[in-house]
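Please open the structure in your viewer and keep the selection tool at hand. The tour goes from stop to stop, saying what to select and what is there.

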Amino acid sequence: MSVLTRPAPAHALNAAIPVLDTGRFLMRGYRPGDIAAFTAFYASDRSRFVAGPLDADLACRALMTYAGHWLLRGYGRWMVEDKATGATLGNVGLWYPEGWPEPEIGWTLFEGAEGRGVAHETALASRDYAYRVLGWSTAISLIDPANTRSRALALRLGCTPDGTFSHARFGRMEIWRHPAPSEATP
Amino acid sequence: MTATLPDTLTTARLTLRRPALQDLEAYVAYYTGPRTAGVGGPKPRHVVVDRFFAMAGQWALRGFGRYVMTDGGAGFGHVGVMQTDTDAPLELTWTLWDGAREGQGYATEAARAVMAAWRGALLIAQVAPDNAASLRVAEKLGFLRDDDIAVPSHYPEGVVTFRQGVLA
């Protein structure tokens with residue numbers, strides 16, 4: 001993972017969101033053109049593990065909540081873009097919404113983006129950013145117990161189960177604890 | 001269409017600035033309290049925090065958004081242009097978080113500053129039918145009732161819709 005100099009942002013506030021190059025993918029901030037991908041995701045059954053489905057207005061607010069997280073917390077989740085095609089593949093990164101037990105590494109892939117290691121590569125980059133740039137000493141991921149694909153990824157990332165957590169909107173989730181900075185492979 | 005509005009606007013009595021984490025608790029107190037019946041509230045804290053983040057995030061996405069009203073101390077309201085989906089109308093909103101600030105013309109003063117700075121398309125406004133104070137603000141700002149404006153499905157019933165009377 002390398003932290004690039006930022007491209008000319010549409011607006012100065014977007015400068016708060018660094019661009020990461022993970023090799024195959026770009027992790028970047030938010031643009032109005034990303035709304036359609038969010039609307040489609042939240043209209044689909046794929047959003048069932050993240051409190052979906054949501055109508056278009058609420059899907060857009062969800063995107064703006066991710067963007068605002070960067071401005072207010074100083075870190076957040078990125079849009080994942082395929083470097084080869086420019087397609088938006090998902091939303092991955094660091095996430096600490098109200099009521100969470102501690103900041104997490106979260107991943108959401110859009111339709112058709114699974115099976116290529118997108119979440120793995122970008123979650124690793126997110127963890128590397130959290131540990132090396134932000135100085136986090138630990139990290140978790142919260143996973144719906146029925147989300148077997150996400151659980152498999154947590155195992156692949158070296159996470160271990162660390163209890164459960166219930167949230168008013170997201171329901172009961174498993175806490176998966178990431179390896180500490182000294183044990184995590186970048 | 002993406003405009004970029006200034007970081008800060010000043011009026012005779014107020015400074016309008018972008019939302020910051022220091023404003024969160026005043027906003028939460030407002031939105032978890034009884035004064036939000038006209039805008040679909042009160043809401044649970046986790047929903048309100050997400051909304052506050054979204055209010056800040058719209059600035060990153062679009063280069064314009066809602067400002068926090070201050071007069072030297074803590075923020076006590078928000079005012080500015082909201083747009084969710086790109087096809088959605090540009091909505092001017094004004095809200096006093098603190099009931100003690102009502103009746104002194106703050107919302108009108110702040111909204112006028114935003115309208116003067118705004119160089120975008122026609123603005124709309126939406127007000128709950130029983131919110132007399134806010135209906136008066138819409139009138140003072142020169143907004144005209146327009147019943148043809150579509151309202152998002154999750155808005156409270158009976159919302160009165162307006163369009164800007166004269167482009168600033």
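Two strands pair if DSSP finds at least two bridges between them. Helices (H or I, at least four residues) and strands (E, at least two) are DSSP runs, numbered from the N terminus. The model is predicted: local features need pLDDT of at least 70, side-chain atom pairs count only at pLDDT 80 or more, and totals for chains, interfaces and linings use all residues. Residues are numbered from 1 along each chain as its sequence is written, while chains are lettered from A and ligands numbered from 1 in the order in which they are written.

**Stop 1: strands of chain A**

Select residues 88-95 of chain A, which form strand β5. Six bridges join β5(A) to strand β6 (residues 104-109) of chain A, and the two run antiparallel. Find A:Trp95, which stands opposite A:Glu104 in β6(A). The hairpin of β4(A) and β5(A) has five residues between the strands, and in it A:Gly86 takes a positive phi near 80°.

Is β5(A) mostly covered or in the open? A residue is buried if 20 or more other C-beta atoms lie within 10 Å of its own, exposed if 12 or fewer, and partly exposed in between, with C-beta atoms placed from the backbone. Eight of the eight residues of β5(A) are buried, and the strand is mostly covered.

Next select strand β8 (residues 160-167) of chain A. Of its eight residues, the number buried is zero, so β8(A) lies largely in the open. β8(A) pairs with strand β9 (residues 171-177) of chain A in the antiparallel sense, over six bridges. Three residues make the hairpin link from β8(A) to β9(A). Look for A:Phe165, opposite A:Met173 in β9(A).

**Stop 2: chain B as a whole**

Select chain B, which has four helices and eight strands. Along the sequence, their pattern is β-β-α-α-β-β-β-α-β-α-β-β. Of the 168 residues of chain B, 39% count as buried. The C-alpha atoms of chain B fill a box of roughly 35 × 35 × 30 Å, taken along the principal axes.

**Stop 3: one helix of chain B**

Select helix α4 (residues 132-140) of chain B; its buried residues are B:Ser134, B:Val137 and B:Ala138. They cover an arc of only 100° around the axis (from the directions from the helix axis to the C-beta atoms), which puts them on the same side of α4(B). An α-helix has 3.6 residues a turn, so residues three or four places apart point the same way. Turn to the other side of α4(B), where B:Ala132 and B:Ala133 are exposed. Just after α4(B), B:Gly142 takes a positive phi of about 85°.

**Stop 4: where the chains meet**

Two residues are in contact if their C-beta atoms, placed from the backbone, lie within 7 Å. How many residues of chain B are in contact with chain A? The number is 25, and they touch 28 residues of chain A.

Last, select B:Met69. Leaving aside its neighbours within four places in sequence, B:Met69 is in contact with residues including B:Leu14, B:Leu16, B:Phe76, B:Val79, B:Tyr106 and B:Ala110.
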